[in-house]
Amino acid sequence: MNRSIRPLIVAVVVMLCAHPAAAAAASPAELISDFRLKHGEKRVTSDATLNRIAREQAQAMAAKDNLSHEVLGSFTSRIAPSRAGRAAENIAYGYDGFEKTLDQWINSSEHRKNLLLRNATRIGVASVKTANGHRTYWAMEIAGDYEPPTPKGKKGSAPSSHPAARKQATSSDCHVRLLGLCL
């Protein structure tokens, strides 16, 4: 081995060992978490159940070469095994890499809302190529737990701007009550 190259190789190996993130590309959960953190939402972690649901959805779309949320059944029935209190799904086709697919979702208002699902903590992402290899289908499932019940107002506590945290109106304050809302 050329003696002038050897120190360079040693330096690269040391750098990769010291910074493992430099050796591997960021995972979908890390990329989505970075986006969410920049917009005031919580980090998400990869979830085995959501990964399975995403993989099954991507496989079904690729098998039928059909971009559809309903290709494998209703979202509600497919997401039920995750036991999520709230969930959303993004699908796409076209790009082989996740980063470009994520950019596509970020630049679409409805997909962006799903990426920023409030209080989401778990994520599942999968991609599958069609049998002829010409198209890659993506599915992303994002989920969080049910919202915890809001404690009844305490004296001296600061008012909340969240509707669920506001003081319950009495029937005399309501002109019309619709679906539990006081108007």
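Predicted model: local features only at pLDDT ≥ 70, side-chain atom pairs only at ≥ 80, totals over all residues.
The protein chain contains 7 helices and 6 strands. Along the sequence, these elements are arranged in the pattern α-α-α-β-α-α-β-α-α-β-β-β-β. Of the 183 residues, 30% count as buried. The chain exposes about 12,200 Å², and carbon and sulfur atoms supply 56% of this area.

The aromatic residues were examined next. A pair of aromatic rings is described by the distance of the centres and the angle of the planes. The protein chain holds 3 aromatic pairs. In one of them, the ring centres of F98 and W105 are 6.1 Å apart; the planes meet at 70°, above the limit of 60 degrees, and the pair is therefore edge-to-face. Both F98 and W105 are buried. F98 also pairs with W138, with 5.6 Å from centre to centre and 55° between the planes, an arrangement classed as tilted. This second pair links distant parts of the chain, since F98 belongs to helix 6 (residues 98-106) and W138 to strand 4 (residues 136-144), 40 residues apart.

F98 has a relative accessibility of 9% and therefore counts as buried, the cut-off being under 20%. W138, with a relative accessible area of 6%, is buried as well. Through ring pairs, F98, W105 and W138 are linked into a cluster.

A contribution from a charged residue was also found at an aromatic ring: R135 lies over the face of Y93, at 4.1 Å from the ring centre.

Definitions and conventions
Residues numbered from 1 in each chain as written. Heavy atoms only, no water. Helix = DSSP H or I, 4+ residues; strand = E, 2+ residues; numbered from the N terminus. Buried < 20%, exposed > 50% of the residue type's maximum accessible area, 1.4 Å probe, protein only. Areas by Shrake-Rupley, 256 points an atom, 1.4 Å probe, with all protein chains shown as cover. Phe/Tyr/Trp six-rings, centres within 6.5 Å; stacked < 30°, edge-to-face > 60°. Lys NZ or Arg CZ within 6 Å of the ring centre and 35° of its normal.
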